[in-house]
Amino acid sequence: MRALPGAAPTDAELMARSLADPEAFAPLFDRHAATVHRYLGRRVGELADDLVSETFLVAFRRRAAYRPDHVEVRPWLLGIATNLVHGHVRTEQRRYRALAREAARPVGQAADPGDSADRLDAEALRGPLAAALAKLKAHDRDALLLLAWGQLGYEEIAAVLDVPVGTVRSRLHRARRQTRAALGGVLPTDASEEDDR
Amino acid sequence: MNDLTLLREAGPEAPPFTPAARSAARAALLDEIAGPAPRRSRRPGRRVVLRLGAAVVAAAAAWTGAVLVAAPDGPGAPADSVTLVDFAMPTFPLTPDPVPDGLRPAFDGDGTGASIAAYDDATGAHGFTLYVSEDEPEGIGDEGAPGFDLEASTEVSVDGREADLVRYSREWCTGDQATGCGHRSFTRLQWERADDQWVVVLAHGRYRAPERVLAIAESLVDRPQPAVLDIGLAPAGWSVQAFKMGRVLSLVNDSYEQQTLTVHLPLPEDVVPPDQLLDQLMGPVGPVVPVTVHGRPAQLVLCDAGYLGQRIWYLQAQFEDGTTFTLQVPDAFTQEQVVQFAEQVTHNP
């Protein structure tokens, strides 16, 4: 997409421009750093401060390989961030386990198990959810969290992880099945996964 | 509320992106944009390689991936001592029964188990490789992939399950100066052997005849195989990071991922003569300490790892059959523990 005259350049235009004028890359940080940090922060906590920096350094160095017809800049950055998380899988798992332990501490009235799933307080599921994330295989977790937290579609996930869409489907199917199972069936299982694309 | 909504609303929250962190990240980017001035280290090295001597580095070229340290700035601190405990190596889940004569497997994998078993004869010209994964592997497509010359593609059956059998040839380099690169023909069979267990048999040389590939596929049984390179002990709280081709095994401290150890079987031509060890190692900070491992003389040297102020023990020893192996372990190990660990390293070629 091309920007209107006088309008701010699009991400793709900035990327293209940055090949000849590296400083044109800087506004991409201003546009997307908060999104990338939030995604990383949910996965690795305080380590996000470093990884968001790494993400943009890697992106800048690889900008010549960016293909605007393949994927937009925001998913591309989240893909780089996801790859960086791979070097810190244990940190990520430790964080989820710690959150699960913390959430397990009694801090008031527990949810009534007789409540319907829709009315269950999400707060009560924080611990089991974190524990479930810790148990997922790394590739499955990537796909799930790019979908849930990165708001990427299946095609975008496939593009940034460099795997076929079918692989994304199978990873998501497995991750969501295992997550639901870990939550003890308190979630409706008949929700269509395709609806969440 | 479905699981995705729950993840968004009740999943772990991110810490705030503080102005200081944002400014630091932006400054680092602007610094990078500013040009190829001598690059400063903004953070303790995230990816560093043990800087051993040139010959050792050459020997390690094939397994650099295993000793790359993805160093997080996460919680934890390096162990300054270790407790060695019994340890069971991850396994490869399948075994061909019978194993074709003259073929021995080498495995690649990580802490969750081996995913590749390569069965090759001594020349490397004949054999097959088994791949196991939870995800459906990406094939070479109905019309072949770039660089692949598709010869035939058929649907077959393996133990009653649908399977894809593809024959193709492609450029193939052995790395051997004498033979260099050439065209090699393969037969590839892929099927879902069990739920979430996809298997690929990729055969070449004498094993690529379709009927032979099918026979290999149908001979597979659920019998886990141990890695070629095995250890009987590991520091408590450490786990397998990776193992490759039966020649490299790396473990990582689960509480501090900068801290790793590696076991390596160098190729015979890459073995450093003991009297040249100090010259070949980079950063020795102590003399060669003579020790005994598996009843044979071995050499132990304390070295500067070259990053994060860590020191490592470098041990060069031999199995009873004379095959040389090396260890690189943190100096959290005592000298006695290095030897104790080495005594439990076994090799089943």
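The turns below set each term against its cut-offs.

Tutor: First, the ground rules: this is a predicted model, where local features need pLDDT of at least 70, side-chain atom pairs count only at pLDDT 80 or more, and totals for chains, interfaces and linings use all residues. Residues are numbered from 1 along each chain as its sequence is written, and chains are lettered from A and ligands numbered from 1 in the order in which they are written.

Student: What makes up chain B in terms of helices and strands?

Tutor: Chain B has seven helices and 24 strands. Helices (H or I, at least four residues) and strands (E, at least two) are DSSP runs, numbered from the N terminus.

Student: Why is strand 17 of chain B called largely enclosed?

Tutor: A residue is buried if 20 or more other C-beta atoms lie within 10 Å of its own, exposed if 12 or fewer, and partly exposed in between, with C-beta atoms placed from the backbone. Six of the seven residues of strand 17 (residues 238-244) of chain B are buried, so the rest of the structure largely encloses this strand. In strand 19 (residues 256-264) of chain B, nine of nine residues are buried. Over chain B, with its 349 residues, 36% count as buried.

Student: How do you know which strands pair with strand 17 of chain B?

Tutor: Two strands pair if DSSP finds at least two bridges between them. Strand 6 (residues 104-110) of chain B has two bridges to strand 17 and runs antiparallel to it, so the pair meets the cut-off of at least two. Strand 18 (residues 248-253) of chain B is joined to strand 17 by six bridges, again antiparallel. Phe243(B) in strand 17 stands opposite Gly109(B), and its bridge partner in strand 18 is Leu249(B). The hairpin of strands 17 and 18 has three residues between the strands, and Met245(B) takes a positive phi near 50 degrees there.

Student: Where does the pairing go from strand 18 of chain B?

Tutor: Six bridges join strand 18 to strand 19 of chain B, and the two run antiparallel; their hairpin passes through two residues. Leu251(B) has Leu261(B) in strand 19 as its bridge partner. Strand 19 is also joined to strand 23 of chain B, by three antiparallel bridges, with Thr262(B) partnered by Gln328(B). Strand 23 (residues 324-330) in turn has seven bridges to strand 22 of chain B, antiparallel, where Leu315(B) stands opposite Leu327(B).

Student: Why are helix 8 and helix 9 of chain A called roughly perpendicular?

Tutor: Helix 8 (residues 154-161) and helix 9 (residues 165-182) of chain A pack at an angle of about 105 degrees, with their axes 8 Å apart. Axes are lines fitted to C-alpha atoms, for helices over the stretch in contact, and angles run from 0 to 180 degrees between N-to-C directions. Angles under 35 degrees count as roughly parallel, over 145 as roughly antiparallel, 65 to 115 as roughly perpendicular and the rest as oblique. The helix pair is therefore roughly perpendicular.

Student: How many residues of chain B are in contact with chain A, and what counts as contact?

Tutor: Two residues are in contact if their C-beta atoms, placed from the backbone, lie within 7 Å. By that rule, 37 residues of chain B are in contact with 53 residues of chain A. Helix 2 of chain B gives the most to its side, with 10 residues.
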